[in-house]
Amino acid sequence: MQDPTPETGDRKYQMKVLMKKRTLLAAVVTAGVVAVVATTVVVASTSGNSDALAATHNNMVAGTIWVANEDGASLTAIDAATNTVATTLTGIDSPHNVQATQDGRSIWAVSGTTAMAVEIDSKSNEVHGAVSTGSMPAHVIVTPDETRAYTTNNADDTVSAFDIATMTTIATIPVGAGPHGLRSSPDGTSIYVANNKGTTLSVIDTATNTQIDEIEVGKLPAQVAFSPDGKFVYASLNGDNAVAKIDTSTRERVATLPVGVGPIQTFVSPDGQYLLVANQGTEEYPGRTVSVIDTDTFDFVRTVETGAGAHGVTIDPTSRHAYITNTFDDTVSVLDLKTLKVVASIPVGSMPNGITFSTQAAGIAPTVKLDLDMDDTDGGGMGH
C-alpha cells in the first residue's frame with residue numbers, strides 16, 4: 001500500500017488486503033541508550049544485489065530507524081550507527097505508519113487490516129497494548145508529553161484520541177475528508193491533520209479534543225510538518241504537486257512552492273534549516289526524488305534522487321541524516337544533510353511507507369514474533 005495513486009490501483013489493493021486473515025503479531029528488539037558516535041564508520045550502500053559499495057562516513061548517530069512495510073506485514077528496525085538491518089518484526093497486517101515516542105522507549109504502529117493501533121515497548125520486548133481505531137487507520141502520533149496517541153481514520157473522516165496509560169479511546173473527532181497525515185505542534189497544544197480527499201487541514205485543540213479550525217491549503221494534502229518553533233506548518237499538496245506554508249498564528253496559507261510529482265511526506269530538520277518533501281509519483285510513473293527546501297527563504301536548495309516511489313521521511317535528532325522510504329524499490333535511502341548526497345540504500349520489507357527515528361539504539365536479533373490475538377475488523381488497507 002502506498003499513498004495516493006489512481007483509484008483502480010486503490011480498489012485492487014483493498015481487495016487484496018481484505019482477503020488477508022492473519023493473526024496480528026508484534027515484537028521488539030533490545031534497546032540501549034542513544035549516543036552520538038563521533039568516529040568514522042563504514043556505511044554499506046547496496047542496491048538489493050550481492051554487490052555493495054562502501055563509503056567512509058562520519059558522525060553517525062546511534063538509534064533505530066523504524067520502517068512500516070505495508071505489503072510485507074512487518075516492521076524493519078535499522079541500526080542507525082551502521083545503516084544495517086537489526087531485526088524485522090513480523091505479523092502486523094498492512095502497517096501504513098510507525099511512530100516513535102520522544103524518549104524512544106515505545107514504538108506505535110497502525111494495522112489497516114485489523115483497524116488497530118499497537119504500542120511496542122522497546123525496553124521490555126513486549127507488546128504494551130493495542131486499541132481499536134476507526135476504519136482504515138493511516139497515521140499515528142504520540143503527544144510530546146507521551147500521555148496520548150492519535151490516529152487518522154481515513155475511511156471514517158475522524159481522528160481517534162487514546163489515553164496511553166489505560167489504552168482506551170477518549171475521543172473520536174470529526175475532521176475533513178479522508179484524513180491522512182497528522183502531527184502535533186511542538187508545544188502539544190494542537191494537532192494539524194491533512195485531509196487527503198479534500199483541500200484542507202483540520203486543526204485539533206488537544207485540551208478539548210475538538211476541531212477548532214479548517215484551513216484551505218490546496219488539492220489533496222497528504223502530510224504536515226511543523227517548524228521547530230511551531231510558527232509554521234508545511235503541507236504536501238499531492239494534487240497540486242506543491243508544498244504549502246501555513247502561519248500557525250493566523251492559520252492562513254502564506255506561500256506555495258511547486259515540488260515534484262505526487263508529493264507525500266514532509267519533514268523539517270530539528271535544527272530548522274531544511275524542509276524535505278518526498279515526491280512519490282505513481283506506481284505506473286514513480287517519482288524518485290526528495291525536494292530539499294530552505295526554510296528561511298522557502299525556496300529550493302536541491303532536488304536529490306533517492307529511489308522509486310520516494311514516500312516517508314524522517315531525520316535524526318542531530319539533523320545530520322535523513323531517511324526516505326522508497327515504496328516501489330523496497331529500500332530506505334540515507335541522505336547526508338551536510339553534503340546533500342545519498343550515502344546508503346538499505347533493503348527492507350515489501351512496500352515500505354511510514355518511517356520514524358527512535359533514540360533507543362537497536363539490538364541485533366533474528367526475526368521474532370509475539371502472538372497477540374485480535375479479531376479482524378473491516379479496516380482494510382489504506383489503498384494509497
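Which residue in the turn of the hairpin formed by E30 and E31 has a positive phi?

**Figure 1. The hairpin of strands E30 and E31 in the predicted model.** The residue is Leu340, whose phi is about 55°. Four residues lie between E30 and E31 in this hairpin. Strand E30 covers residues 331-336 and strand E31 covers residues 341-347. The two strands are antiparallel and are joined by six bridges. Within the pairing, Ser333 faces Ser345 of E31.

**Figure 2. The hairpin of strands E18 and E19.** Strand E18 (residues 200-205) runs antiparallel to strand E19 (residues 210-216), with six bridges between them. Ile204 has Gln211 of E19 as its bridge partner. The hairpin has four residues between its strands. In the turn, Asn209 has a positive phi of about 50°.

**Figure 3. The aromatic pair of Tyr192 and Phe226.** Three aromatic pairs are present in the structure. In the pair of Tyr192 and Phe226, the ring centres are 5.2 Å apart. The ring planes stand at 85°, over the 60 degrees required, so the pair counts as edge-to-face. Tyr192 belongs to strand E17 (residues 190-195), and Phe226 to strand E20. The pair therefore ties together parts that are 34 residues apart in sequence.

**Figure 4. The largest pocket and its lining.** The largest pocket holds about 880 Å³ of space. Its lining is made up of 38 residues, and those closest to the pocket centre are Gln99, Ala100, Gln102, Arg183 and Phe267. Strands that each give two or more residues to the lining are E8 (95-100), E12 (137-142), E16 (179-184), E20 (221-226), E24 (263-268), E28 (310-315) and E32 (352-358). Strand E20 is thus named both here and as the strand that holds Phe226 of the aromatic pair.

Figure 5. The chain has a mean pLDDT of 84, and 79% of its residues reach 70 or more.

Terms used: Residues are numbered from 1 along each chain as its sequence is written. This is a predicted model: local features need pLDDT of at least 70, side-chain atom pairs count only at pLDDT 80 or more; totals for chains, interfaces and linings use all residues. Side-chain values use heavy atoms; hydrogens and water are left out. pLDDT is the predictor's confidence in each residue, from 0 to 100. On a 1 Å grid over the protein atoms alone, a cavity is a set of points where a 1.4 Å probe fits but cannot get out, and a pocket is an open set with protein on both sides within 12 Å along at least five of seven lines; lining residues have an atom within 4 Å of a point. Grid points are joined across faces, edges and corners, and a volume is the space filled by probe spheres set on the points. Two strands pair if DSSP finds at least two bridges between them. Rings of Phe, Tyr and Trp (its six-membered ring) pair if their centres lie within 6.5 Å; planes under 30 degrees apart count as stacked, over 60 as edge-to-face and the rest as tilted.
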